[in-house]
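Keep the structure open as you read.

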Amino acid sequence: MRGEIILIVDDEKLIRWSLTQELAKEGYGTLEAATVQEAIARLSDQQADLIVLDQRLPDGTGIELLTRIQNEKAELPVIMLTSVDRSDVAVQAMKLGAFDYVTKPVNLDELKIVIQKALEATHLKRELARLRQEQTRFFGSSEIIGSSPPIRKVLDFIRKVAQSPATTVLITGESGTGKELVARAIHFMSSRKDKPFVTVNCSALPEQLLESELFGHEKGAFTDAHVQKKGLFELADKGTIFLDEIGDMSPLLQVKLLRVLEDKSFRRVGGTSDITVDVRVIAATNQPLEQRIEEGKFRTDLYYRLNVASVHVAPLRERGDDILLLAQHFLNHFNSLFHKKFKGLSKEVQNLFRRYSWRGNIRELKNILERATLLNDAEFILPEHVQLGEQSRSLQPPVKSLESVSLDELEKQAIIQALEKAGYNQSQAARFLSISRDTLRYRMKKYGLMGRAG
């Protein structure tokens with residue numbers, strides 16, 4: 001049983017009876033109205049999922065009622081019934097927003113098919129609207145967790161750049177720092193939020209396949225091009241396209257991308273006509289594009305065209321106690337997913353997480369907590385529950401346990417060991433610790449280690 005309710009508006013009682021009988025066989029419920037006023041009364045008193053509407057009614061026309069429905073209940077699909085010789089009415093109805101029309105005398109099989117299509121299309125529209133509403137909530141800046149200075153800078157950037165729906169954006173940062181989340185936040189906080197957000201990883205596909213994915217292809221353009229295919233730029237029209245790992249894009253595709261950015265147009269692979277689109281481009285990379293330019297692997301003009309507005313997403317190790325906020329966020333998520341009852345991280349794990357280098361950034365943190373909550377049952381996440389990389393263990397002081405020293409002492413000892421290992425070369429020691437040289441010098445001053453500098 002389908003269960004949808006269909007309002008049949010027609011002044012001929014026999015037609016209403018006939019349609020009611022046939023639609024009941026398909027599992028539909030029905031309401032009936034013989035006039036415009038009866039239809040309005042039915043719509044105000046009862047819920048209908050679709051209207052089958054005749055053009056000729058005793059107290060008005062179907063077009064007049066359709067206009068009123070579009071003003072008051074635009075989401076309600078309407079199928080017009082028209083005479084064979086009144087094609088002008090059908091055209092007018094479609095322009096006013098009718099889903100489709102069926103000519104009289106009604107072919108019942110045809111009407112059933114049109115009704116089914118209309119209900120399916122309406123369901124998809126409602127589901128899409130729901131998903132977009134959820135995405136707008138989920139991918140707003142409130143879902144970017146953290147209060148550290150680096151993340152506050154990112155949040156401020158998102159709010160500002162979202163106000164300009166056309167500005168090209170370049171997001172830099174290590175793998176796993178959340179660059180795509182930043183891109184989504186920009187899109188869903190902008191006026192383009194109700195349009196598509198399309199993502200593509202430029203390093204995941206070979207050149208020819210990536211070109212076809214981005215720009216589409218015509219039938220017969222290459223061996224396996226059996227049908228015409230629209231590219232992601234076409235699918236993202238009026239919305240946003242997120243080009244991840246842009247630094248890996250081939251020189252040929254860089255030229256094509258530059259043209260899209262400058263002219264808002266491109267050609268499908270094998271095509272001869274230009275296609276114009278209105279798309280905001282957000283690109284991201286974990287590579288230093290300036291170095292790629294020096295190596296001759298990235299175009300200077302494309303770099304400056306992409307770098308209209310840019311933001312750097314700091315690595316997790318430079319975000320202070322954001323690590324613990326994110327950890328609790330993921331822990332809550334996996335508690336719900338795996339039906340666990342972890343309250344939080346133990347003090348020992350908090351200290352470990354603060355000291356750990358997080359080369360995989362947020363992605364690594366999420367994976368570690370997923371494994372810890374899935375495989376263990378306890379009140380708190382304990383050191384034995386987490387599996388960190390070898391680097392953090394190699395930098396731990398060998399003679400003191402975690403319980404017997406403070407976090408500052410652990411950090412100081414780690415810096416001393418890194419300096420000794422690097423022969424007191426600060427740049428090398430900073431690389432061992434996966435922090436910047438400036439951060440290293442700040443912490444050396446903090447712990448009175450500047451006298452050891454080489």
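**Arg192**

- Arg192 counts as buried, because its relative accessibility is 6% and buried means under 20% relative accessible area, with exposed over 50% and partly exposed in between (1.4 Å probe, protein chains only).
- This is a predicted model: local features need pLDDT of at least 70, side-chain atom pairs count only at pLDDT 80 or more, and totals for chains, interfaces and linings use all residues.
- Residues are numbered from 1 along each chain as its sequence is written, and side-chain values use heavy atoms, with hydrogens and water left out.
- Arg192 sits in the loop between helix 7 (179-188) and strand 9 (197-201). Helices (H or I, at least four residues) and strands (E, at least two) are DSSP runs, numbered from the N terminus.
- Which side chain makes a polar contact with the side chain of Arg192? The partner is Asp278, at 2.9 Å.
- A polar contact is a pair of N or O atoms within 3.5 Å; within protein, one must be able to donate a hydrogen and the other to accept it, and residues adjacent in sequence count only if both atoms are side-chain atoms.
- Neighbours within four places in sequence aside, the residues in contact with Arg192 include Pro165, Ala166, His187 and Lys238. Contact means heavy atoms within 4.5 Å.

**The cavity**

- Rolling a probe the size of a water molecule over the atoms shows where empty space is left.
- The whole structure was searched, and one cavity of 30 Å³ or more was found.
- A cavity is a set of points, on a 1 Å grid over the protein atoms alone, where a 1.4 Å probe fits but cannot get out; lining residues have an atom within 4 Å of a point.
- The volume of the largest cavity is about 50 Å³. Grid points are joined across faces, edges and corners, and a volume is the space filled by probe spheres set on the points.
- Ala166, Thr168, Phe233, Val260, Leu261, Lys264, Val277, Val279 and Val281 line the largest cavity.
- By type, that lining has seven nonpolar residues, one polar and one charged. Ala, Val, Leu, Ile, Met, Phe, Trp, Tyr, Cys and Pro count as nonpolar, Asp, Glu, Lys and Arg as charged, and the others, Gly among them, as polar.

**Salt bridges**

- How many salt bridges does the structure hold? There are 26. A salt bridge is a side-chain nitrogen of Lys or Arg within 4 Å of a carboxyl oxygen of Asp or Glu.
- Arg16 pairs with Glu32 in a salt bridge, with the closest N and O atoms 3.1 Å apart. Arg16 is in helix 1 (residues 13-25) and Glu32 in strand 2 (residues 29-33), 16 residues apart, so the pair links distant parts of the chain. Arg16 is buried at 11% relative accessibility, whereas Glu32 is partly exposed at 30%.
- Glu22 forms a salt bridge with Lys112, and the closest N and O atoms are 3.1 Å apart. This pair joins helix 1 to helix 5 (residues 108-138), across 90 residues. Glu22 is buried at 19%, and Lys112 is buried at 18%.
- A network of salt bridges links Asp10, Glu12, Asp54 and Lys104.

**Arg268**

- Arg268 and Glu234 form a salt bridge, with the closest N and O atoms 2.9 Å apart. Arg268 lies in the loop between strand 11 (265-266) and strand 12 (275-276) and Glu234 in helix 9 (residues 232-235), so the pair ties together parts 34 residues apart in sequence.
- Are Arg268 and Glu234 buried or exposed? Both are buried, and Arg268 has 12% relative accessibility.
- The side chain of Arg268 also makes a polar contact with that of Glu218 (2.9 Å).

**Two aspartates in loops**

- Asp248 is in the loop between strand 10 (240-244) and helix 10 (251-263). Asp248 is partly exposed, at 35% relative accessibility.
- The side chain of Asp248 makes a polar contact with the side chain of Gln287 (2.7 Å).
- Asp274 is in the loop between strand 11 and strand 12. Asp274 is partly exposed, at 41%.
- The side chain of Asp274 makes polar contacts with the side chains of Arg259 (3.0 Å) and Arg267 (2.8 Å).

Technical notes:
1 Å grid on protein atoms, 1.4 Å probe; cavity = no way out; pocket = protein on both sides within 12 Å on 5 of 7 lines; lining within 4 Å.
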